[in-house]
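Dear colleague,

Please find below the structure that I am handing over to you, followed by an account of what was found in it.

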Amino acid sequence: MNATPDAPADTPVDAPVLRRREGRAGHLVLNRPRAINALNHAMVRIMAEALDAWERDASVATVVVTGAGERGLCAGGDIRSIHDDVRAGRAAASAAFWHDEYLLNARIARYPKPYVAVMDGIVMGGGVGVSAHGDVRVVTERSRVAMPETGIGFVPDVGGTYLLTRTPGELGTHLALTGTPVGAADALLCGLADHYVLSERLAEFTAALADAGPGEVLRAFAATAPAGELAEHREWIDHCYAADSVEEIVDRLHASGDRHAKEAAETILSKSPTSLKVTLAALRRARARPTLEAVLEQEYRVSCAALTSPDLPEGIRAQVVDKDRRPRWSPSELSGVTEADVARFFEPTGTGSLGLL
């Protein structure tokens with residue numbers, strides 16, 4: 001079936017999000033392949049406008065979200081621009097981006113029509129936000145799903161602390177603190193995805209959505225994912241990450257006697273000490289909040305506070321700008337991060353709220 005354009009004919013093919021119709025399916029293609037489709041403010045706005053239009057359009061039965069290129073759906077938010085905003089004293093621009101991004105995450109979670117996210121390849125940070133809140137989430141043998149924020153001096157956002165506190169046991173705490181990417185089976189185990197489809201069948205799968213609903217199409221394309229890794233580590237993960245502090249978690253991991261646990265401890269110790277402690281506090285608070293909207297409100301407050309933390313621009317510098325992979329965290333040790341340091345991330349700020357509650 002030929003694609004039917006859903007935008008003016010002069011819409012540039014290099015637009016950051018391509019919007020088109022194929023039969024009864026509305027397609028959104030994240031289109032920054034050189035940046036693994038990293039999200040910026042313009043992309044968030046385009047997606048939100050499309051969802052609004054298609055909700056009112058009776059001829060659109062399903063929304064399908066994919067990523068251009070071969071590397072992944074989305075590597076996260078455009079953190080280079082956040083670094084530049086903070087350095088140039090334009091933190092308000094990043095706060096405005098998060099405001100609209102988190103509203104989009106909430107919109108996706110409550111969208112009244114099937115929202116199919118094809119989580120092929122790299123799906124991290126903001127990429128999780130535009131996929132894992134959908135009601136039909138497809139992973140492949142190439143999927144690598146992660147919330148790696150502690151490695152850049154940040155805290156899981158885009159509803160990530162909501163999703164990670166709804167995983168079995170303490171799997172979400174492990175993924176949040178270490179930033180470890182998981183494959184298809186573990187994404188399914190953690191509730192971050194629903195179905196497994198071989199990457200070689202994705203084009204055929206998405207084309208079939210032009211004429212049939214996701215449930216019918218998945219019966220023809222869904223397969224069984226190869227075995228994952230997390231299930232066999234549940235015993236030490238659930239025990240170690242149930243501790244009340246990051247320091248105790250690290251101590252338990254080192255004392256467990258399991259090689260993988262010790263590796264997790266060393267990974268944690270390479271991350272921003274402030275981010276680690278704020279992340280654990282955010283997870284524990286998110287677990288007690290009943291809705292995604294309530295958690296997003298908390299995340300917005302925490303994210304805006306991070307704009308005033310030295311670790312965020314420093315972490316992005318080390319990982320993305322200079323790429324020396326040697327961040328100079330401040331404080332540099334867990335012991336240097338006080339309860340007051342953590343508490344300030346949850347205090348009201350001048351950026352207001354998302355208005356979701």
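Serine 143 sits in the loop that links strand E8 (136-139) to strand E9 (144-146); helices (H or I, at least four residues) and strands (E, at least two) are DSSP runs, numbered from the N terminus. The model is a predicted one, in which local features need pLDDT of at least 70 and side-chain atom pairs count only at pLDDT 80 or more, while totals for chains, interfaces and linings use all residues. Residues are numbered from 1 along each chain as its sequence is written, and side-chain values use heavy atoms, with hydrogens and water left out.

Serine 143 has a relative accessible area of 1% and is therefore buried (under 20% relative accessible area; exposed is over 50%, partly exposed in between; 1.4 Å probe, protein chains only). Beyond its neighbours within four places in sequence, serine 143 is in contact (heavy atoms within 4.5 Å) with Met119, Asp120, Gly121, Val182, Gly183 and Ala184. Proline 181 is 38 residues from serine 143 in sequence, and their C-alpha atoms are 9.1 Å apart in space.

Threonine 274 belongs to helix H13 (residues 273-288). Its relative accessible area is 8%, so threonine 274 is buried. Not counting residues up to four places away in sequence, threonine 274 touches Asp311, Ser330, Pro331, Val337 and Phe345.

In soluble globular proteins, nonpolar side chains tend to be buried together. Leucine 30 has contacts that include Pro16, Val17, Met43, Met47, Cys74 and Val130, leaving aside residues up to four places away in sequence.

As to the whole protein, there are 16 helices and 10 strands. Buried residues account for 53% of the 357 residues. Of the contacts between residues at least 6 apart in sequence, 72% join residues at least 24 apart. The C-alpha atoms fill a box of roughly 60 × 45 × 40 Å, taken along the principal axes.

With kind regards
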